[in-house]
Amino acid sequence: MADEARAPLWRLSPAQRLLEGGALLNSLAFFAAMPFAPLYLSEHTALGKPAVGAVVGAVALTAAFGGLLGGMIVDRLGAVPLMRVGLLLYVAVYALLAMARTAKAIIVLFLLLGVARLMVEPGAKKLLSQVADGEGRVFRVRYMTLCAGAIGGPAIGGALYQVGAVAFFAVPAGFYAAYLVLVLLRHADLAALQPPSAARGRASPRSPVAATLRDRRLLAVVTAGIVVFFVFSQMESMIPLYMKGRYGDRTEEYFAALFIANAVLALALQLPIDRVSARLGRNVMVVAGALNFTVAFACFWASPSGLAWLYVGIVFWTIGEGILLPMPDMAVHEMADDEHKGAYFGLSEVRQLGFFLGPFAGGFLLDAGTMPYFAVMGTFIFLCVPLLLRRTSAQPVATAPEEDTRVPNPT
């Protein structure tokens, strides 16, 4: 596509603005609560650090292993009805967390957040894919809304955490309630984006599983997502520990500045990344994204010789993140037909496994020394390159011929 014919990334259709508004509310709710979940669990239960990590990680694992099931239900019943149930569950869980006082109740409620996520995420991504252009560039906008939530959510949640549980959990409950109201008020607009119910009813119960698990391109993209999330998880797990050994009591101050710089840069750089992608092409950008992560790890490794290397590194890190993180969703959008988008996006959530495995493997490597840690991480990220490039190497898995039920793109 020629750059001059490429619509600006911020020029959204009404349907895209509606879905991105919901994604922003979702992101604000998530980041207002989940960064503080380990603190809350450690202060209000008798769980040790490994158990706290397991409970928090279980939210991602639920999405990783239950995503296909959630996506299949979306394809069978429709995205909007399931999203309504999931958002209502979110509101109920956070309201109950504000009142829960026993450790068992708190743990169960946190685990239910993963169930709610299964009901909301595949459907929201399927609807977003329905209104995306051929490249799925709207998923870059979704990534920007996540970054905005990562800036505003912790600021709100952190301010209310010390006030008390009721005030703290009222924040995500309120954001999810607003999201639910948005879905209810715009139900007709959202429902119009779904394939006709008759088409959904013709699909056999097993066809989504068979079509999804036979698509090797999709499995390659899912594996690439695991690799990217595995490496990306180091920023919130091992990099702070590495800094702790270098900067001691100043680590919290330095890392907070690093984290904020990352979020701000992620917003600022996404538009230039999209413009450069139009000129260089997706394949070149995949390699560039991996290379930027590698350079970032090299800069972090060099930081003992000067604090400035940390902030040089975060620039390269954010470029790599901005290029690679939206790509799995963009690839799924390109390869999935409307009838199976829910299952495809659901299975793609297996990449959350990278967030669970990354800190464990990173901890072992960092214990072995900084050189093995940075060398392995800087090299490992390149495993995603052939996996993401493979998405164009084969045709979609053939399915039973059906009439075209695609909803016209409103853009």
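Because the model is predicted, local features need pLDDT of at least 70 and side-chain atom pairs count only at pLDDT 80 or more, while totals for chains, interfaces and linings use all residues. Residues are numbered from 1 along each chain as its sequence is written, and side-chain values use heavy atoms, with hydrogens and water left out.

The protein chain holds 20 helices and zero strands. Both are DSSP runs numbered from the N terminus: helices are H or I with at least four residues, strands E with at least two. Of the 411 residues, 53% count as buried. Buried means under 20% relative accessible area, exposed means over 50%, and partly exposed lies in between, using a 1.4 Å probe and protein chains only. A contact is a pair with heavy atoms within 4.5 Å. Among contacts between residues at least 6 apart in sequence, 84% join residues at least 24 apart.

Axes here are lines fitted to C-alpha atoms, for helices over the stretch in contact, and angles run from 0 to 180 degrees between N-to-C directions. Helix H4 (residues 79-99) packs on helix H5 (residues 103-130) at an angle of about 155 degrees, with the axes 8 Å apart. H4 is therefore roughly antiparallel to H5; angles under 35 degrees count as roughly parallel, over 145 as roughly antiparallel, 65 to 115 as roughly perpendicular and the rest as oblique. The crossing of H4 and H5 is left-handed. A crossing has this hand if the near helix is turned anticlockwise from the far one by less than a right angle, and is right-handed if clockwise. By class, the contact of H4 with H5 has 23 nonpolar, two polar and one charged residues. In this scheme Ala, Val, Leu, Ile, Met, Phe, Trp, Tyr, Cys and Pro count as nonpolar, Asp, Glu, Lys and Arg as charged, and the others, Gly among them, as polar.

The axes of H14 and H19 come within 8 Å and cross at roughly 165 degrees. This makes H14 roughly antiparallel to H19, and the crossing of H14 and H19 is right-handed. On the H14 side the contact is made by Thr294, Phe297, Phe300 and Trp301, which meet Thr370, Met371, Tyr373, Phe374, Met377 and Gly378 in H19. The classes in the contact of H14 with H19 are seven nonpolar, three polar and no charged residues.

For helix H11 (residues 216-232) and helix H17 (residues 341-348), the axes come within 9 Å and cross at roughly 35 degrees. Leu218, Leu219 and Val222 in H11 meet Tyr344, Leu347 and Ser348 in H17. The contact of H11 with H17 has five nonpolar, one polar and no charged residues.

Aromatic rings are the next topic. Rings of Phe, Tyr and Trp (its six-membered ring) pair if their centres lie within 6.5 Å; planes under 30 degrees apart count as stacked, over 60 as edge-to-face and the rest as tilted. The count by this rule is 26 aromatic pairs. One of them joins Phe255 and Phe259, a tilted pair with 6.2 Å centre to centre and 45 degrees between the planes. Both residues lie in helix H13 (residues 251-280), four residues apart, about one turn of the helix. Phe255 counts as buried at 17% relative accessibility, whereas Phe259 is partly exposed at 24%. Ring pairs also link a cluster that includes Phe229, Tyr242, Phe293, Phe297, Trp317 and Phe355.

Tyr242 is also among the buried residues of helix H12 (residues 238-247), together with Met238, Ile239, Pro240, Met243 and Tyr247. The cover over the buried residues of H12 includes H13, helix H14 (282-302), helix H15 (308-324), helix H18 (353-368) and helix H19 (370-380). Just after H12, Gly248 takes a positive phi of about 55 degrees.

Thr145 sits in helix H6 (residues 138-161) and is buried, with a relative accessible area of 10%. Leaving aside neighbours within four places in sequence, Thr145 is in contact with Glu20, Ala23, Leu24 and Ser27. Pro35 lies in the loop between helix H1 (14-33) and helix H2 (37-44) and is partly exposed at 40%. The C-alpha atoms of Pro35 and Glu236 are separated by 10.0 Å, although these residues are 201 apart along the chain. Gly174, in helix H7 (residues 165-185), is partly exposed at 37%.
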